Amino acid sequence: MNERAGASVVGVLRGLGSRPRGLTEGEAAERLAWAGENVVRPLPAPGWAPRLLRAARDPFTGVLFGLGVVSALDRAWGTAGVILVLVGVSCVLRAWGEMRADRAAAALGRLVPSTATVRRRATESCAPLAREVPVEEIVPGDVVQLAPGDVVPADVRLLRSRGFTVHQAALTGESAPVPKSPDAADDDGRLCFAGSDVASGTASGVVTATGAGTVLAATGGPSRRRVTAFGRAVNGVSWTLVRIMALAVPVVLAANAAVRGRGWETLPFAVAVAVGLTPEMLPVVVTAAFVRGARDLARDDGVIVKRLPALHDLGAMDVLCTDKTGTLTRGTLVVDAAAGDRDAVAWAALGSRWLLDGSDGLGLDAVDEALLAHPPDAPEPLPPGHSCVDVVPFTPARRLSTVVLARPDRPGTRMLVVKGAVEDVLARCAVDEPEREALRRRADALAGGGLRVLAVATAERPSRGRPFTPADERGLTPRGLVALRDETAPGARAALAALTAAGVEVKVLTGDHPGTAARVCRDLGLDLGPGAWDATDTACARVLTGDRVDTLDDEALAELAARAVLFARCTPAHKARVVDALRRAGRVAGYLGDGVNDLPALRAADVGVSPRDGADAARAAADVVLAAKDLTSIGTAVAAGRRATGNIATYLRVAVSSNLGNVISMLVAGVLLPFLPMLPAQVLAQNLCFDAAQLAFAYDRPGPSVLRRPARLRPEAFTRFVTLYGVFNAAADLATFGVLAVIASGERAFHAGWFTENLITQAMIMVMLRSGSAWGTGAGTGRGTGPGERTALPRPLRIAVAALAAIGLLLPLSPLAAPLRLRALPPLYYGLLAVVLAAYGAGLALARRHSARRRVVTGARGGTP
């Protein structure tokens with residue numbers, strides 16, 4: 001119904017079938033029946049089945065499922081059952097974690113009760129009464145009353161107003177209050193939109209649209225989310241493993257057929273080799289690490305992770321885009337006494353104080369609140385005993401306000417104190433042109449430095465019985481300029497410094513004037529380069545405006561966006577385009593926003609973040625919901641994401657390097673030995689033990705270096721790492737084969753000896769290759785963890801490592817040895833095995849130290865595999 005907004009007040013009321021006195025209760029009930037509740041219906045939450053299907057849709061889970069089917073077709077029921085159970089557990093854990101996060105996020109929205117004041121009549125003949133009704137019962141044609149602090153409940157065409165301004169940053173991103181009046185020149189000035197909040201003044205208006213018909217609902221429509229950093233990383237690692245596994249099965253079959261003449265009877269062994277290469281627990285470890293991180297954030301910090309893989313994206317994030325108002329600033333103004341005139345501040349504060357009394361606070365805006373909060377640094381310019389006799393309030397057309405004061409020392413005289421926009425005040429001053437021009441230049445200089453400037457003037461008039469009007473605001477005497485600035489949020493500077501130290505670059509995207517935003521950025525220590533901002537400087541400008549963004553193609557924008565720190569005068573489309581440009585340049589981009597104007601950017605980012613008091617649509621689109629809108633919470637969530645990613649990377653390093661070594665050993669032994677080097681049941685038992693132990697990595701505590709830089713799963717670094725340490729593991733296996741050839745004979749002895757050595761070497765690398773070890777990986781930096789950064793093994797990991805080594809030593813001596821076709825070995829074997837293991841550990845330590853030294857010296861960026 002917003003098309004009626006451009007009509008006259010009478011036309012709007014007629015079109016809506018309403019009257020200035022409001023609807024009757026019967027009419028409101030009828031309209032509620034056909035118009036529906038005044039709510040923007042969120043998309044229905046998916047049930048268990050869609051969540052399970054979505055959880056099973058990553059490539060690696062598909063590979064595991066395929067191996068399970070192949071095993072079932074080959075009648076390897078044990079292998080197939082274990083694989084399918086692991087896939088099922090992983091999917092259930094992920095679906096359960098995301099469902100719980102969705103319930104927590106929905107509960108946040110129910111914490112804030114919503115009512116509005118409407119004017120209704122019991123019957124047609126009754127007088128209208130103002131009453132509070134739930135927002136969802138507002139209907140088109142209702143006449144609503146608005147006062148400071150109210151949230152506009154629907155799209156409203158103003159009927160009357162007095163000093164009325166609203167904050168509509170949720171829709172436009174502009175922090176300054178916007179004047180609204182029924183007599184404004186265009187619809188933007190006559191309409192108030194759902195989701196805006198009243199900054200000052202009072203107004204009444206008729207509801208033109210509710211629920212899905214509002215501008216808020218139209219802006220917040222659903223949109224498909226693109227593949228994020230986690231999706232790209234998992235796809236890369238998964239397809240690397242797929243290629244290795246696809247090669248392993250035919251190589252095993254071909255080698256056994258060519259050398260030993262074995263045919264399809266080796267297929268179960270080949271499948272077992274592929275399964276042995278596969279880190280079967282990856283989906284479970286990933287989900288367990290994410291669920292643990294999300295649980296800790298929700299319990300300790302009130303941060304809700306709605307999409308579990310968003311934890312990886314937070315940890316991998318290397319650039320955070322954020323709006324300004326409410327994040328970097330408190331959304332309030334403070335007086336900058338050093339930049340303004342001392343006397344002007346005193347006169348302006350006097351005017352605001354009497355405006356508060358003379359208009360019952362209805363004409364106060366953010367400027368008046370700042371002046372009233374400013375501690376006086378000059379004596380009050382009028383003697384005690386003066387009083388307010390009249391007020392000429394602010395209007396959008398005049399852009400100034402006036403208080404009329406009675407002075408006890410001059411009974412027949414009235415003092416007018418006028419403050420407002422510099423041009424409007426100076427136009428009413430009785431000064432010569434050079435003085436006027438000097439004040440203009442000074443005001444321009446202050447505004448160019450990011451300050452909001454108003455002028456203050458006074459005049460004396462004879463007392464009279466009739467009210468004062470705007471016509472009396474002539475022949476004024478200028479008293480000077482008052483400078484105000486956005487107040488930075490407490491802790492914002494320290495939080496920015498912490499994010500920068502953690503390798504996260506912060507970029508500010510705002511709808512505000514570039515000068516104002518640049519001042520805030522400099523106050524917070526963000527480097528905008530030397531001199532004033534220059535939106536036309538394509539070579540070195542670190543400030544870009546929306547109109548400049550419009551002139552750039554995608555490639556040029558990506559280049560400039562990498563260098564720019566501040567993007568001002570941005571529309572929602574500009575914000576989304578900047579975020580998309582950063583992602584195309586290879587950055588992992590997060591976006592922190594709370595308004596409907598932030599929706600495109602929230603959806604374009606790898607991870608979207610919104611505070612819990614943000615717009616409903618913003619919270620629905622975000623992946624992470626903060627308890628409060630501050631950068632400190634972001635830092636906490638980033639650290640949690642890096643810990644989770646570090647644990648997942650540790651599992652991948654340990655599991656795949658160990659498994660690759662085993663595959664190499666199996667291929668060599670399969671060619672040299674007259675029997676299979678390990679039976680499928682033994683491979684399965686070994687994998688079950690190793691996989692169960694490695695689940696403890698979800699509870700590891702990565703070293704400090706993991707938290708210093710963005711942690712991203714990088715397939716190329718993963719491939720290099722597992723190849724190097726897979727060869728080391730194969731060397732230990734081959735040395736064990738040599739020992740067994742000397743002191744033991746027979747198939748069972750070989751199987752038992754390799755089984756024991758395999759589990760013990762796997763226990764060793766669980767300790768030596770974890771990110772909290774003396775070497776670690778640097779979690780995305782390529783820099784090794786320093787020797788002083790060793791972290792103790794947490795209890796779950798200690799138990800898992802000890803259990804794995806104990807099973808390797810004791811299982812061949814237990815009653816379970818016979819079903820697995822293992823047997824006890826002579827004591828000499830264990831002595832020689834200790835020598836092999838000592839050499840293996842020394843080799844690992846030397847390789848770690850050399851690699852860490854090389855990376856620190858070269859500064860290579862290796863990434864977290």
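User: What makes Asp 409 and Arg 407 a salt bridge?
Analyst: The closest N and O atoms of Asp 409 and Arg 407 are 3.1 Å apart. A salt bridge needs a side-chain nitrogen of Lys or Arg within 4 Å of a carboxyl oxygen of Asp or Glu, so the pair Asp 409 and Arg 407 qualifies. This is a predicted model: local features need pLDDT of at least 70, side-chain atom pairs count only at pLDDT 80 or more, and totals for chains, interfaces and linings use all residues. Residues are numbered from 1 along each chain as its sequence is written, and side-chain values use heavy atoms, with hydrogens and water left out.

User: Why is Arg 407 called buried?
Analyst: Its relative accessible area is 13%. Buried means under 20%, exposed over 50%, partly exposed in between (1.4 Å probe, protein chains only). Therefore Arg 407 is buried. Asp 409, at 43%, is therefore partly exposed.

User: Which label does Arg 587 get, buried or exposed?
Analyst: Arg 587 has 19% relative accessibility, so it counts as buried. Its side chain meets that of Glu 505 in a salt bridge (3.0 Å, N to O). Glu 505, at 24%, counts as partly exposed.

User: How many salt bridges does the whole structure hold?
Analyst: A search finds 38.
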